[in-house]
Amino acid sequence: PRQSKAWHMPFRLNTKPRLRILKAMLPADKVLGVAREYNVSVTEFLASVILYSLQEIYSEEKKKRRQLHSSIRIEVPVNLRKKFPSRTMRNFSLFVMPELDMRLGYYTFDEILKVVHHRLQSGSEIKQISRFLSSNVGYEKSILVRILPLFIKKFAISSIYKSIGSKQCSGIITNLGVIKLPA
């Protein structure tokens, strides 16, 4: 389904290369301990911390400017390897987007944790994932799409992402989690 535009940070993007790496090292046992105190996963806890931080920036920006997009939304990957057994080493994930509707007022950290937890739980159910995958596979089975040359498909996908994709979320979180490699 189509979503409204999400609020974005109030500053210009970096010039190319746009991506910068922010690296932080935290003791895994302590982060896991805090997440367990709230009865959530580490990913849910970290996503909640990011949403809470974005809400603080949004609140400061709202004091300066009246007209802001009212949704703060982040993309959180769901590891499909746990749901669908696969031996591939390639990226195998979908995204769930927990959201804060700022028209409803300020959220406490506990409220954000609940929103994130329930959205990730519902968005990572097998039936929801299957619905999303089948709608995407439906496009690939189209005769028109199958006969188009790859360079046209890449151009179309890139154009769609630039016009719609990046506007739907305020940020992205990645969590590699525990990595297990074959011997």
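Which residues does Leu-51 touch, not counting residues up to four places away in sequence? Its partners are Ile-72, Ile-74, Pro-98, Leu-100, Ile-112 and Val-116, where a contact means heavy atoms within 4.5 Å.

Before we look further, a word on the model. It is predicted, so local features need pLDDT of at least 70 and side-chain atom pairs count only at pLDDT 80 or more, while totals for chains, interfaces and linings use all residues. Residues are numbered from 1 along each chain as its sequence is written, and side-chain values use heavy atoms, with hydrogens and water left out.

**The chain as a whole**

The protein chain holds 6 helices and 4 strands, in the order α-α-β-β-β-α-α-α-α-β. Helices (H or I, at least four residues) and strands (E, at least two) are DSSP runs, numbered from the N terminus. Of the 183 residues, 25% count as buried; buried means under 20% relative accessible area, exposed over 50%, and partly exposed in between, with a 1.4 Å probe and protein chains only.

**The core**

Leu-51 belongs to the largest nonpolar core, which has 21 residues. Such a core is a set of buried Ala, Val, Leu, Ile, Met, Phe, Trp, Tyr and Cys residues joined through side-chain atoms within 4.5 Å. Leu-51, Ile-72, Ile-74 and Leu-100 have the most contacts inside it. Helix 2 (42–64), strand 1 (71–79), strand 2 (93–96) and helix 3 each give two or more residues to this core. Apart from it lies another core of 5 residues, among them Ala-35, Val-40, Phe-45 and Leu-113. In soluble globular proteins, nonpolar side chains tend to be buried together.

**Helix 3**

Helix 3 (residues 109–123) has 15 residues and reaches 21 Å from its first C-alpha to its last. Its buried residues are Phe-109, Ile-112, Leu-113, Val-116, Leu-120 and Gly-123. Seen down the helix axis, they fall within an arc of 125°, so they line one face of helix 3; the arc is that of the directions from the axis to the C-beta atoms. Lys-114 and His-118 are exposed on the other side.

Technical notes. The expected span of a helix is 1.5 Å times one less than its number of residues.
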